[in-house]
Every structure is written in structure tokens, then in C-alpha cells.
Amino acid sequence: MGRWMKPEVYPLLAAMTFVTGMCVFQLTRNVLGNPDVRINKTRRSMAVLENREEGEKYAEHGLRKFLRTRPPEIMPTINHFFSEDK
């Protein structure tokens, strides 16, 4: 970076870069993988898409399948520490 940028700006720049990357990822995922987005003319001409399997594949991605097996706790160590009877 140049002299025109103060060091205090670096954390904000990092956070904004991360969030922008997440937005680009989600938009790309929706354009390329969402069954409701129709780019080519053959799929656009159909009024109703009969693609239940494709919709299930899109909705039940790997991260969602992984998180189903995990307990719904953000910080389990802190939860157990504060929930113990003393």
C-alpha cells in the first residue's frame, strides 16, 4: 500500500475484502448452480421447471449436511462452563 493509507485502515480493508469475497462467491454460486436461474434459451422457454432432484441437490449442499451432525452450539466450552452447577 502507499503512504496515503493509514495503518488503522488495514483491519477495515481486510473485513471489507472478506465480505466482498463472500458476496462474489454467493452470487457466482447462485448464477451457476441455482435451478431457478435460467441462462440458456431452452430452459428459459419452459414456464415451470420439473427439476425436484436438482433443487434438492442445490438446497442440501455439503455444508448443510455436515452441520446437521454437529450440536447447535457456537462455543460449547463456554456454554458448559456457565451451565455447570457449582
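**Entry 1: the phenylalanine pair**

I looked up phenylalanine 81 and found it partly exposed, at 46% relative accessibility. The scale I used calls a residue buried under 20% relative accessible area, exposed over 50%, and partly exposed in between (1.4 Å probe, protein chains only). Phenylalanine 82 has 65%, so it is exposed.

I then searched for aromatic pairs. Rings of Phe, Tyr and Trp (its six-membered ring) pair if their centres lie within 6.5 Å; planes under 30 degrees apart are stacked, over 60 edge-to-face, and the rest tilted. That rule gave me one aromatic pair. The ring centres of phenylalanine 81 and phenylalanine 82 are 5.0 Å apart and their planes stand at 80°, so I logged the pair as edge-to-face.

**Entry 2: what kind of model this is**

I noted that the model is predicted, that local features need pLDDT of at least 70 and side-chain atom pairs 80 or more, and that totals for chains, interfaces and linings use all residues. Residues are numbered from 1 along each chain as its sequence is written, and side-chain values use heavy atoms, with hydrogens and water left out.

I checked confidence next. pLDDT is the predictor's confidence in each residue, from 0 to 100. The protein chain has a mean of 82, and 88% of its residues reach 70 or more. Among the elements, H1 has the highest mean pLDDT (93) and H2 the lowest (69).

**Entry 3: the layout**

I counted five helices and zero strands in the protein chain. Helices (H or I, at least four residues) and strands (E, at least two) are DSSP runs, numbered from the N terminus. How much of the chain is buried? Of its 86 residues, I found 6% in that class. The chain exposes about 8,200 Å², and carbon and sulfur atoms supply 64% of this. These areas come from the Shrake-Rupley method with a 1.4 Å probe; for residues, only the protein chains shown count as cover.

I picked leucine 12, which lies in helix H1 (residues 10–33). Leucine 12 counts as exposed, at 54% relative accessibility. I also found it in a nonpolar surface patch with Val9, Tyr10, Leu13 and Met16, about 440 Å² of accessible area together. Patches take residues with over 30% relative accessible area and no salt bridge; like charges are joined within 9 Å, nonpolar side chains (Val, Leu, Ile, Met, Phe, Trp, Tyr) within 5 Å.

Is asparagine 34 buried or exposed? It is buried, with a relative accessible area of 17%. I placed asparagine 34 in the loop between H1 and helix H2 (41–45). Leaving out residues up to four places away in sequence, it touches Arg29 and Tyr58. Contact here means heavy atoms within 4.5 Å.

I found alanine 59 in helix H3 (residues 52–59). It is partly exposed, at 28%. Alanine 59 and proline 35 are 24 residues apart in sequence, and their C-alpha atoms are 9.9 Å apart in space.

The structure holds one salt bridge. The term means a side-chain nitrogen of Lys or Arg within 4 Å of a carboxyl oxygen of Asp or Glu. Which side chains meet in it? I found arginine 68 and glutamate 60, at 2.6 Å from N to O. Arginine 68 is exposed, at 54%, and glutamate 60 is partly exposed, at 24%.
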